[in-house]
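Subject: The two-chain model, with notes

Hi,

Here is the model I promised to pass on.

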Amino acid sequence: MQKYSIFSLIKNAFSNHKDWEVAWKDSEPKKEYDVLIIGAGGHGLATAYYLAKEHKITNVAVLEKGWLGGGNVGRNTTILRSNYMFDPNGLFYEYGMKMWENLSQELNYNVMYSPRGIINLAHSDAQMNVFYRRGNSMRLNGIDAVMLGRDELKKMIPFADFSESARFPIFGGLMQPRGGTARHDAVAWGYARQADSMGVDIIQHCEVTGFDVQNGKLQGVQTSRGNIKAKKVGLCVAGSTSLLAEKLNMKLPIESHVLQACVSEPVKPFLDHVVTFGAGHFYCSQSDKGEMVMGGDLDGYNSYAQRGNLPTLQHVLTEGVAMFPNLSRLKMLRTWGGIMDMSMDGSPIIDKTHIDGVYLNCGWCYGGFKATPVSGWTFAYTIAKDQVHELSSKYRLDRFNTGHLIDEKGLGTKTWIG
Amino acid sequence: MLEIKCPYCGSRSQNEFSYGGDSNIKRPELGKEVSDKDWDNFIYLRKNPRGKHSELWHHVAGCRQWFKVLRDTSTHEIFKTAKLTEEL
């Protein structure tokens with residue numbers, strides 16, 4: 001594989017950039033593989049990469065119904081963080097944060113990792129107390145957390161509404177300085193390129209239509225491009241997990257919901273951090289191109305449409321303008337929607353299943369992108385060793401029967417509330 | 001914007017309603033022995049089809065009645081609405 005560097009860039013400049021190798025092959029399906037991964041999104045590609053790199057399993061195919069990176073890895077708002085209170089989440093995502101720090105070097109692909117800090121705004125003494133508690137829990141798990149007062153925030157995000165008339169006055173905030181953003185497409189492309197170079201086949205436009213299971217053991221899958229034999233298959237199809245699970249006669253504690261995001265026209269540097277205004281269902285950051293990247297809550301009803309509806313968008317942007325009044329002058333460039341696997345406790349599922357050789361990676365709710373490296377890391381381990389990784393050992397499916405839920409928000413089982 | 005026909009008030013904009021999820025969930029009968037599995041399924045398992053979905057909506061900013069809606073989850077098309085006591 002061609003190494004990307006300043007020297008390869010200069011060298012290729014002399015040939016008008018016509019001699020670059022393809023980043024990954026457009027593979028045809030073979031008859032049989034050791035492991036199949038369904039879904040060429042961030043998690044699927046990362047899993048294939050770590051299977052090849054860490055576990056030396058290279059006879060792997062990644063099957064993708066659409067095109068590489070066309071699902072949620074290309075539809076998120078690129079935020080990285082590990083600002084969780086509960087130990088299983090904190091430790092899992094913090095391991096992921098450490099992987100992000102070296103990911104560009106690891107993949108020889110610039111994922112534009114930008115630890116610009118993520119700030120959660122608080123609007124009352126009670127909310128400040130809750131944030132102190134979460135910040136302390138984070139610190140006990142070795143995660144960076146800083147409480148900010150109103151005066152500090154005034155200097156950091158001067159365009160927020162600090163006036164007397166603000167509907168939700170800013171009392172302060174909790175910041176994770178190492179939180180930030182990364183270029184979402186580059187993550188998918190970087191993993192795809194490295195996985196491909198180690199022998200993984202990435203097969204696009206190949207929809208899995210059924211599973212061949214005999215005596216409780218996986219034998220292979222049926223696809224729109226023929227049958228493929230395999231002893232192991234990993235599902236990385238967040239958004240459509242229930243549909244594939246149904247083909248395996250499994251019912252999962254998951255609902256599919258659409259989550260919208262949008263970007264404005266590009267403007268000069270305006271916001272240096274990721275800022276969440278949770279009380280108003282709004283968060284935003286500014287992309288390197290200068291666009292304001294904004295999002296909020298679910299549309300609020302089951303949906304497989306990768307597009308949303310105007311009332312939610314209007315609500316999100318109304319709150320956005322309340323927090324950053326001069327956003328009102330911006331034009332919108334694009335809006336889009338992605339389908340979230342909303343699990344019944346708000347936490348993901350990485351596990352084996354009752355079928356030998358079928359592995360589950362799903363239920364990522366709003367937060368799948370930041371978990372891409374650590375999800376691939378732990379899922380590859382689970383598939384290779386047929387046992388659950390210690391880091392994801394609390395994300396098992398049977399927690400819904402044993403009662404060991406990880407309900408970070410304390411919301412109960414109404415996924416549509418968020 | 002969805003336009004939802006409340007069986008009591010007629011067609012109104014989506015802004016007046018809130019969502020209640022799968023309408024087929026039945027609470028295990030009171031006073032009877034319920035296995036852990038049945039109870040877990042009642043709490044955590046919902047239908048999640050791509051296509052026609054029978055669900056509950058609440059006319060929260062109107063008559064405050066709950067009712068059933070048959071809606072397509074991939075196109076958002078609404079086929080039919082009915083009172084809770086009626087069949088969809």
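Two residues are in contact here if their C-beta atoms, placed from the backbone, lie within 7 Å. This is a predicted model, in which local features need pLDDT of at least 70 and side-chain atom pairs count only at pLDDT 80 or more, while totals for chains, interfaces and linings use all residues. Residues are numbered from 1 along each chain as its sequence is written, with chains lettered from A and ligands numbered from 1 in the order in which they are written.

Let me begin with L36(A). Leaving aside neighbours within four places in sequence, L36(A) is in contact with A61(A), L63(A), V221(A), I228(A), A230(A) and V233(A). Buried means 20 or more other C-beta atoms within 10 Å of a residue's own, exposed 12 or fewer, and partly exposed in between. At least three residues come from each of domain 1 and domain 2 of chain A.

Next, the domains, whose bounds come from an automatic or database domain assignment. In chain A, domain 1 covers 25-78 + 184-250 + 345-417 and domain 2 covers 115-180 + 255-343. Their C-alpha centres lie 29 Å apart, and the contact between them takes 20 residues from domain 1 and 17 residues from domain 2. On the domain 1 side, these divide into eight nonpolar, ten polar and two charged. For such tallies, Ala, Val, Leu, Ile, Met, Phe, Trp, Tyr, Cys and Pro count as nonpolar, Asp, Glu, Lys and Arg as charged, and the others, Gly among them, as polar.

A helix pair in chain A is worth a look too. Helices (H or I, at least four residues) and strands (E, at least two) are DSSP runs, numbered from the N terminus. Helix 3 (residues 87-101) and helix 10 (residues 372-385) pack at about 110°, with their axes 7 Å apart; axes are lines fitted to C-alpha atoms, for helices over the stretch in contact, and angles run from 0 to 180 degrees between N-to-C directions. The two helices are therefore roughly perpendicular, a label for 65 to 115 degrees (under 35 is roughly parallel, over 145 roughly antiparallel, and the rest oblique). F92(A), Y93(A), Y95(A), G96(A), M99(A) and W100(A) in helix 3 meet P373(A), V374(A) and W377(A) in helix 10. These residues divide into eight nonpolar, one polar and no charged.

Between the chains, 21 residues of chain A are in contact with 20 residues of chain B. The chain A side divides into eleven nonpolar, eight polar and two charged.

Finally, L327(A) lies in the loop between helix 9 and strand 16 (332-343) of chain A. L327(A) is buried, with 20 other C-beta atoms within 10 Å.

Best wishes
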